[in-house]
Amino acid sequence: MFGKLFGRGEEGPGADPHALPVPRRRSGVHPLRALGDRRVLALVEAADAGDWEGVKEALAPFDLGRDHQVLGQLTDIGGLEEWIVRAVEEDKEHRAEALLISGARHIHWGWEARTAARAVDVSQEQWRTFHERLHTAERQLLEAAELRPDWITPWRQLLTSARGMSLGSPVAETRRDAALRRYPLDLDVHLAWLSQLQPRWGGEPGEALEFARAAFAAAPDGHRLGCVVAMAYIEEWVESNDSACLQDPRIRTELRQAAERSVLHHAYERRLGWQGDYNIFAMALSLAGSSTASNVFRELEGAYTEWPWTYMSEPQKAYARFRKAF
């Protein structure tokens, strides 16, 4: 029933006309491509081809200043940083969009140079390249924010660059507040701040979970902000030396209640990229050993997003293993 209501499965009157066909896999698991949307796929293909006119045309249905997920589809396209410079310099009318895309790409590109290694294992050359790219991102994103003061996405990206460049809490807090003034319930901004509060970035143990609980408590029923609670527990698992640290009845209860008041609530709206929200809860509930994970996996119908499973070795296999277990 839910597949028909939300455009999954067979074609029909209620099907999403923009939905990409689901690939058939023996395991039943398939990576979500281009947010599962034909329009997003057209955008990604235009960017991959270095076609700025095609990118602008494909962006028409979206609000890049608010849609973090659509912007995120562009950030890991290798080579984009080479041609987007021309758009920044030559297209005055769409300079803000080009700056935003380039700045976000430079942050991702910077982390590619740094890698996910521990700080002590990153070479001086890697650090130099990392900071050069983040400096470029900072300059471009700040200009984009100045050109379009209504946009949220530049400020969310600037939170990541501030963390990478160790700019300190006052700068990060100013950027967080700038984003939340534009939309107080923005999930991606809350998730970025959740990362900032982790002990590995200078936060205190328990601080992130306290923040997540307060944020979700202020959200209406059915809001995707419940994901911040699920992600807070995933981060606790990442920080812990105990792989079973979430196997606690109280944690299972809290995650179940968060899921039921968020993604599993009748008021939850399945917008573009909703599968990412469900994957966050799927991982958190699985780590906690909650049977509610089966409800989440059932609705996903095998759709896998790399985040947050990338915290595990062989992320897609981990997803498939938990999916089968529940």
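Here is a short walk through a few spots in this predicted model.

**Stop 1: the run-up to helix 2.** Select A34, which sits in the loop between strand 1 (30-31) and helix 2. Its phi is positive, near 50 degrees, and A34 is not a glycine. Is A34 buried or exposed? A34 is buried, with a relative accessible area of 7%.

**Stop 2: helix 2 itself.** Move on to D37, which caps the N-terminal end of helix 2. Show its side chain and you'll find an oxygen 2.8 Å from the backbone nitrogen of R39. Now pick residues 38-48, the whole of helix 2, and colour V40, L41, L43, V44, A46 and A47: these are its buried residues. What do they pack against? Bring up helix 3 (52-59), helix 4 (68-75) and helix 5 (80-90), and you have the partners. After helix 2 comes G50, with a positive phi near 70 degrees.

**Stop 3: helices 11 and 12.** Select 207-217 and 227-239; the two axes come within 8 Å and cross at roughly 170 degrees. An angle over 145 counts as roughly antiparallel, so that is how helix 11 and helix 12 run relative to each other. On the helix 11 side, show A208, L209, A212, R213, A215 and F216; they meet V228, V229, A232, Y233 and E236 of helix 12. By class, this contact has 9 nonpolar residues, 2 charged ones and no polar ones.

**Stop 4: around helix 16.** Zoom in on the peptide bond from W307 to P308: it is cis, with omega near 5 degrees. P308 belongs to helix 16 (residues 306-309). Finish at E314, in the loop between helix 16 and helix 17 (315-325). E314 has a positive phi of about 50 degrees, though it isn't a glycine.

Notes. Residues numbered from 1 in each chain as written. Predicted model: local features only at pLDDT ≥ 70, side-chain atom pairs only at ≥ 80, totals over all residues. Heavy atoms only, no water. Buried < 20%, exposed > 50% of the residue type's maximum accessible area, 1.4 Å probe, protein only. Helix = DSSP H or I, 4+ residues; strand = E, 2+ residues; numbered from the N terminus. Contact = heavy atoms within 4.5 Å. Polar contact = N/O pair within 3.5 Å; in protein donor to acceptor, adjacent residues only side chain to side chain. Axes fitted to C-alpha atoms, helices over the stretch in contact; angles between N-to-C directions. Parallel < 35°, antiparallel > 145°, perpendicular 65-115°, else oblique. Nonpolar A, V, L, I, M, F, W, Y, C, P; charged D, E, K, R; others polar.
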